[in-house]
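Q: Could you walk me through this fold with me? I'd like to take it one topic at a time.

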Amino acid sequence: MVTLVRSRFVAPLFERELEARAARLRLVVTDVDGVLTDGGVYYSGDGEELKRFSVRDGMGIETAFLTRERSPIVERRAEKLGLRLCYLGVADKRAALPRLMADAGVEPDQIGYIGDDVNDSEIIEAVAEQGLVGAPLDAVPVVLRAAHYRCVRPGGYGAFRDFADWILDLRERARRRQSAAETANVVKKGGRRWRARIYS
(Lines give C-alpha, C1' and ligand atoms only; values in the text may rest on other atoms or scores of the structure.)
Protein backbone atom coordinates (compact mmCIF):
# COMPACT_ATOMS: atom_id res chain seq x y z
CA MET A 1 0.00 0.00 0.00
CA VAL A 2 1.30 3.47 -0.91
CA THR A 3 0.73 6.29 1.53
CA LEU A 4 0.40 9.70 -0.08
CA VAL A 5 2.84 12.15 1.44
CA ARG A 6 1.78 15.79 1.59
CA SER A 7 4.91 17.57 0.46
CA ARG A 8 5.77 20.92 1.97
CA PHE A 9 4.93 23.71 -0.46
CA VAL A 10 8.02 24.91 -2.31
CA ALA A 11 7.88 28.67 -2.71
CA PRO A 12 8.51 29.95 -6.23
CA LEU A 13 11.96 31.41 -6.78
CA PHE A 14 12.75 34.73 -8.41
CA GLU A 15 14.31 34.59 -11.87
CA ARG A 16 17.76 35.66 -10.68
CA GLU A 17 17.79 32.96 -8.01
CA LEU A 18 16.81 30.32 -10.59
CA GLU A 19 19.61 31.57 -12.84
CA ALA A 20 22.15 31.50 -9.99
CA ARG A 21 21.17 27.95 -9.07
CA ALA A 22 21.38 26.80 -12.68
CA ALA A 23 24.83 28.37 -13.04
CA ARG A 24 26.09 26.33 -10.06
CA LEU A 25 24.43 23.06 -11.10
CA ARG A 26 26.75 20.20 -12.08
CA LEU A 27 24.52 17.12 -12.00
CA VAL A 28 20.88 16.26 -12.67
CA VAL A 29 19.51 13.14 -10.98
CA THR A 30 16.47 11.53 -12.54
CA ASP A 31 13.94 8.91 -11.68
CA VAL A 32 13.50 6.46 -14.55
CA ASP A 33 9.92 5.13 -14.74
CA GLY A 34 7.53 8.00 -15.40
CA VAL A 35 10.31 10.43 -16.37
CA LEU A 36 12.56 8.73 -18.92
CA THR A 37 9.79 6.24 -19.75
CA ASP A 38 6.05 6.68 -20.01
CA GLY A 39 5.61 4.59 -16.86
CA GLY A 40 4.31 1.59 -18.78
CA VAL A 41 5.93 -1.83 -18.82
CA TYR A 42 5.59 -4.01 -21.90
CA TYR A 43 5.92 -7.81 -21.91
CA SER A 44 6.70 -10.01 -24.88
CA GLY A 45 5.15 -13.44 -25.42
CA ASP A 46 8.17 -14.92 -23.66
CA GLY A 47 7.63 -12.68 -20.64
CA GLU A 48 10.48 -10.34 -21.53
CA GLU A 49 10.04 -6.92 -19.97
CA LEU A 50 10.39 -3.92 -22.29
CA LYS A 51 10.54 -0.19 -21.58
CA ARG A 52 10.21 2.72 -23.99
CA PHE A 53 12.76 5.54 -23.69
CA SER A 54 12.70 8.81 -25.61
CA VAL A 55 15.90 9.39 -27.60
CA ARG A 56 15.45 13.12 -26.92
CA ASP A 57 16.36 12.44 -23.29
CA GLY A 58 19.85 11.23 -24.16
CA MET A 59 21.34 14.72 -24.41
CA GLY A 60 21.74 17.73 -22.17
CA ILE A 61 23.51 17.70 -18.79
CA GLU A 62 25.58 15.19 -16.80
CA THR A 63 23.04 12.78 -15.39
CA ALA A 64 22.56 10.09 -12.76
CA PHE A 65 19.79 7.49 -12.67
CA LEU A 66 18.12 6.88 -9.28
CA THR A 67 15.30 4.34 -9.33
CA ARG A 68 13.50 1.81 -7.16
CA GLU A 69 13.51 -0.66 -10.03
CA ARG A 70 16.18 -3.33 -10.55
CA SER A 71 16.07 -3.53 -14.30
CA PRO A 72 18.80 -4.69 -16.69
CA ILE A 73 17.08 -2.53 -19.31
CA VAL A 74 17.82 0.59 -17.24
CA GLU A 75 21.43 -0.55 -16.80
CA ARG A 76 21.78 -0.94 -20.56
CA ARG A 77 20.27 2.52 -21.14
CA ALA A 78 22.76 4.02 -18.65
CA GLU A 79 25.62 2.25 -20.46
CA LYS A 80 24.36 3.54 -23.82
CA LEU A 81 24.37 7.10 -22.46
CA GLY A 82 27.79 6.63 -20.85
CA LEU A 83 26.53 7.45 -17.35
CA ARG A 84 28.96 6.83 -14.54
CA LEU A 85 26.25 7.03 -11.86
CA CYS A 86 23.33 4.57 -11.98
CA TYR A 87 21.59 3.53 -8.76
CA LEU A 88 19.05 0.69 -9.00
CA GLY A 89 16.77 -0.77 -6.33
CA VAL A 90 16.82 2.36 -4.13
CA ALA A 91 13.78 2.32 -1.85
CA ASP A 92 14.60 5.54 0.05
CA LYS A 93 15.88 8.08 -2.45
CA ARG A 94 16.35 10.89 0.05
CA ALA A 95 18.52 8.66 2.23
CA ALA A 96 20.64 7.83 -0.83
CA LEU A 97 21.31 11.51 -1.58
CA PRO A 98 24.47 11.95 0.57
CA ARG A 99 26.11 8.89 -1.00
CA LEU A 100 25.15 10.04 -4.49
CA MET A 101 26.59 13.52 -3.91
CA ALA A 102 29.79 12.04 -2.50
CA ASP A 103 30.15 9.71 -5.51
CA ALA A 104 29.53 12.61 -7.90
CA GLY A 105 31.71 15.07 -5.97
CA VAL A 106 28.95 17.69 -5.79
CA GLU A 107 27.50 19.90 -3.05
CA PRO A 108 23.76 20.27 -2.26
CA ASP A 109 23.58 23.50 -4.30
CA GLN A 110 25.04 21.81 -7.40
CA ILE A 111 22.34 19.21 -7.94
CA GLY A 112 19.01 19.02 -9.74
CA TYR A 113 16.32 16.35 -9.59
CA ILE A 114 13.34 15.37 -11.71
CA GLY A 115 10.71 12.88 -10.59
CA ASP A 116 7.05 12.10 -11.13
CA ASP A 117 5.54 10.14 -8.24
CA VAL A 118 4.99 10.20 -4.48
CA ASN A 119 8.16 8.18 -3.83
CA ASP A 120 10.09 11.16 -5.26
CA SER A 121 8.51 13.70 -2.88
CA GLU A 122 11.09 13.54 -0.11
CA ILE A 123 14.16 13.80 -2.33
CA ILE A 124 12.50 16.61 -4.28
CA GLU A 125 11.90 18.47 -1.03
CA ALA A 126 15.55 17.98 0.00
CA VAL A 127 17.02 19.06 -3.36
CA ALA A 128 14.62 22.03 -3.67
CA GLU A 129 16.22 23.75 -0.66
CA GLN A 130 19.37 24.66 -2.62
CA GLY A 131 19.14 23.02 -6.04
CA LEU A 132 16.56 22.83 -8.82
CA VAL A 133 13.68 20.36 -9.18
CA GLY A 134 11.37 19.51 -12.05
CA ALA A 135 8.40 17.31 -12.81
CA PRO A 136 7.01 15.86 -16.05
CA LEU A 137 3.71 17.23 -17.30
CA ASP A 138 1.88 14.09 -16.13
CA ALA A 139 3.47 13.88 -12.65
CA VAL A 140 1.20 13.42 -9.63
CA PRO A 141 -0.15 16.69 -8.15
CA VAL A 142 1.99 16.59 -4.98
CA VAL A 143 5.14 16.48 -7.13
CA LEU A 144 3.92 19.15 -9.54
CA ARG A 145 3.27 21.48 -6.59
CA ALA A 146 6.80 20.94 -5.27
CA ALA A 147 8.63 21.48 -8.58
CA HIS A 148 10.44 24.65 -9.59
CA TYR A 149 9.72 23.70 -13.21
CA ARG A 150 6.75 21.86 -14.67
CA CYS A 151 7.75 20.28 -17.96
CA VAL A 152 5.64 20.82 -21.06
CA ARG A 153 6.16 17.16 -22.01
CA PRO A 154 5.02 14.00 -20.22
CA GLY A 155 7.30 11.24 -18.99
CA GLY A 156 8.86 9.16 -21.75
CA TYR A 157 8.21 11.85 -24.36
CA GLY A 158 11.03 14.31 -23.77
CA ALA A 159 10.28 15.49 -20.20
CA PHE A 160 13.90 15.11 -19.09
CA ARG A 161 15.19 16.97 -22.16
CA ASP A 162 12.69 19.75 -21.48
CA PHE A 163 13.99 20.07 -17.90
CA ALA A 164 17.62 20.00 -19.11
CA ASP A 165 16.89 22.66 -21.75
CA TRP A 166 15.25 24.87 -19.10
CA ILE A 167 18.38 24.60 -16.93
CA LEU A 168 20.67 25.33 -19.89
CA ASP A 169 18.54 28.36 -20.82
CA LEU A 170 18.77 29.67 -17.25
CA ARG A 171 22.55 29.20 -17.37
CA GLU A 172 22.78 31.16 -20.61
CA ARG A 173 20.67 33.98 -19.16
CA ALA A 174 22.92 34.04 -16.07
CA ARG A 175 25.99 34.20 -18.32
CA ARG A 176 24.54 37.07 -20.36
CA ARG A 177 23.53 38.96 -17.21
CA GLN A 178 27.04 38.52 -15.77
CA SER A 179 28.63 39.62 -19.03
CA ALA A 180 26.42 42.72 -19.20
CA ALA A 181 27.24 43.58 -15.58
CA GLU A 182 30.98 43.23 -16.24
CA THR A 183 30.73 45.40 -19.36
CA ALA A 184 28.79 48.06 -17.46
CA ASN A 185 31.39 47.96 -14.67
CA VAL A 186 34.26 48.45 -17.14
CA VAL A 187 32.46 51.38 -18.80
CA LYS A 188 31.71 52.91 -15.40
CA LYS A 189 35.33 52.56 -14.25
CA GLY A 190 36.58 53.91 -17.58
CA GLY A 191 34.31 56.93 -17.21
CA ARG A 192 35.73 57.67 -13.77
CA ARG A 193 39.29 57.58 -15.13
CA TRP A 194 38.30 59.92 -17.96
CA ARG A 195 36.73 62.42 -15.54
CA ALA A 196 39.78 62.21 -13.30
CA ARG A 197 42.00 63.24 -16.23
CA ILE A 198 39.74 66.18 -17.08
CA TYR A 199 39.62 67.61 -13.59
CA SER A 200 43.18 66.90 -12.41
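Q: How do S4 and strand S5 pair, and over how many bridges?
A: S4 and strand S5 (residues 85-87) pair in the parallel sense, over three bridges, where two strands count as paired if DSSP finds at least two bridges between them. Strands and helices here are DSSP runs numbered from the N terminus, a strand (E) having at least two residues and a helix (H or I) at least four. This is a predicted model, in which local features need pLDDT of at least 70 and side-chain atom pairs count only at pLDDT 80 or more, while totals for chains, interfaces and linings use all residues. Residues are numbered from 1 along each chain as its sequence is written, and side-chain values use heavy atoms, with hydrogens and water left out.

Q: Which residue stands opposite Leu66 in S5?
A: Opposite Leu66 stands Tyr87.

Q: And what about S1 and S4, in which sense do they pair?
A: S1 and S4 pair in the parallel sense, again over three bridges; in S4, Ala64 is the bridge partner of Val29, and Phe65 is the bridge partner of Thr30.

Q: What is the order of the strands in the whole sheet?
A: Six strands form an open sheet in the order S5-S4-S1-S6-S7-S8, with parallel pairing. S5 and S8 stand at the edges with a single partner strand each, so one side of each is left without a neighbour in the sheet.

Q: Back to S4: are its faces covered or open?
A: Both faces of strand S4 (residues 63-66) are covered, since Thr63 and Phe65 on one side and Ala64 and Leu66 on the other are all buried, buried meaning under 20% relative accessible area, with exposed being over 50% and partly exposed in between (1.4 Å probe, protein chains only).

Q: New topic, how many aromatic pairs are there?
A: The structure holds two aromatic pairs. The rings of Tyr149 and Trp166 have centres 4.7 Å apart and planes at 15°, so this pair is stacked; rings of Phe, Tyr and Trp (its six-membered ring) pair if their centres lie within 6.5 Å, and planes under 30 degrees apart count as stacked, over 60 as edge-to-face and the rest as tilted. Tyr149 lies in strand S8 (residues 149-150) and Trp166 in helix H6 (residues 159-199), 17 residues apart, and the pair links distant parts of the chain.

Q: Which residues form the other pair?
A: Phe163 and Trp166 form a stacked aromatic pair, 5.9 Å centre to centre with 20° between the planes. These two are three residues apart in helix H6, so about one helical turn separates them. Ring pairs link Tyr149, Phe163 and Trp166 into a cluster.

Q: Are Phe163 and Trp166 buried or exposed?
A: Phe163 counts as buried because its relative accessibility is 0%, and Trp166 is buried with a relative accessible area of 12%.

Q: Where is Asp33?
A: Asp33 sits in the loop between strand S1 (27-30) and strand S2 (42-43), and Asp33 is buried, with a relative accessible area of 16%. Asp33 and Gly115 are 82 residues apart in sequence, yet their C-alpha atoms are 8.8 Å apart in space.
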